[in-house]
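Work through the exercises below on charged side-chain pairs. Each task is followed by a stepwise solution.

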Amino acid sequence: MFRQIQEQLAVAILLATLGCLPARCQSAKDLTARLVPETPDSNLNGSFCFPPRSEACSGLITTDPQSTQGPSSDGAFKKSLKRFGKDQWGIYSAPLHRSNLKWDALFLAGTGVLIATDRLASRAAPQNHVNISQGISDAGLYGTSAAAGVLLLSSLATHDEHAREAGILSVEAFANSATVYGALQLITGRERPTDASGNGRFWQNNSLNSSFPSGHAVFTWSIASVIAHEYPRPWVKWLVYGTAAAVSVTRYTGREHFPSDVVVGSVIGYLIGRHIFLAHCREGLSEDCHPRKIRAAEQPLTFLASHFRLSGDFN
């Protein structure tokens with residue numbers, strides 16, 4: 001139960017961030033007027049809303065709340081839902097794409113090897129400092145979630161479109177990862193290292209508190225992947241990927257998961273975050289967003305193929 005509460009807290013951080021956004025599309029000029037004095041040469045005439053205004057807003061919104069709040073809110077919600085559904089379809093249909101079958105087989109084979117050695121690896125894990133490892137993994141997840149929230153909220157005050165995109169896509173990556181995580185948890189129902197005999201049997205605990213995959217790894221890597229692609233500077237990559245790697249390792253050393261749980265969770269999280277970025281990034285904001293990568297993202301997502309095909313662009 002405590003593990004479930006921990007992961008729900010990270011979800012709450014991002015949901016609280018979204019709750020602070022305007023309930024409807026607003027004029028950026030109107031929003032700024034409440035923060036700084038309006039100047040004659042102000043050119044903030046665009047719309048400001050979630051999701052990106054190119055998809056959710058059309059033109060300026062009048063200032064009459066009674067005449068606009070309902071329609072604009074409904075339209076934004078429907079477009080957000082449609083966008084989420086499209087992303088979900090790309091994620092779940094990917095393993096069935098013919099060109100990706102060889103990569104799926106390689107991924108499954110690697111996962112099988114890890115599962116076969118999980119029991120020995122878990123028993124070889126150090127037994128001391130378990131609480132420290134658990135604290136590090138929690139801090140990494142909460143810190144990464146908070147970073148996405150800060151980017152999104154700060155963009156409201158600074159009108160930084162790049163920060164706004166990074167925050168929104170981080171939330172979307174988190175949400176899309178959550179459905180994959182939940183489905184796998186319910187289907188596999190794997191025991192944790194501290195459950196029963198510690199053998200990690202599958203189909204024993206079909207709930208959102210089972211072991212496969214690691215939720216901490218999935219969520220942290222999905223957000224880290226978006227931020228690293230939005231700001232592809234070496235120090236940013238070292239920071240966010242280092243944090244995500246620390247979360248993955250400490251979920252193992254903290255005896256919360258088996259090695260296969262954290263490896264699979266890390267791969268899924270990273271590639272879903274990368275997919276969301278390439279599918280929805282706007283050219284001109286991040287140098288990692290350019291036509292060739294965007295065209296690649298339009299193909300169905302595969303958990304391994306997209307990484308290997310464009311691995312030369314990662315560095």
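**Exercise 1.** Determine whether Arg-190 and Asp-118 are buried or exposed, and describe their contact.

Step 1. Arg-190 and Asp-118 are both buried (under 20% relative accessible area; exposed is over 50%, partly exposed in between; 1.4 Å probe, protein chains only). The model is predicted: local features need pLDDT of at least 70 and side-chain atom pairs pLDDT 80 or more, while totals for chains, interfaces and linings use all residues. Residues are numbered from 1 along each chain as its sequence is written, and side-chain values use heavy atoms, with hydrogens and water left out.

Step 2. The two residues form a salt bridge (a side-chain nitrogen of Lys or Arg within 4 Å of a carboxyl oxygen of Asp or Glu), with the closest N and O atoms 2.9 Å apart.

Step 3. Arg-190 sits in the loop between α7 (161-188) and α8 (215-230), and Asp-118 in helix α5 (residues 101-124), 72 residues apart. Helices (H or I, at least four residues) are DSSP runs, numbered from the N terminus.

**Exercise 2.** Which network of salt bridges includes Arg-190?

Step 1. Arg-190 also meets Asp-261 in a salt bridge, at 2.9 Å from N to O.

Step 2. Asp-261 belongs to helix α10 (residues 259-280) and Arg-190 to the loop between α7 and α8, so this pair ties together parts 71 residues apart in sequence. Asp-261 is buried, as is Arg-190.

Step 3. The network therefore links Asp-118, Arg-190 and Asp-261.

**Exercise 3.** Where do Glu-256 and Arg-192 lie?

Step 1. Their side chains meet in a salt bridge (3.4 Å, N to O).

Step 2. Glu-256 is in the loop between α9 (234-253) and α10, and Arg-192 in the loop between α7 and α8, 64 residues apart.

Step 3. Both Glu-256 and Arg-192 are buried.

Conventions:
Helices (H or I, at least four residues) and strands (E, at least two) are DSSP runs, numbered from the N terminus.
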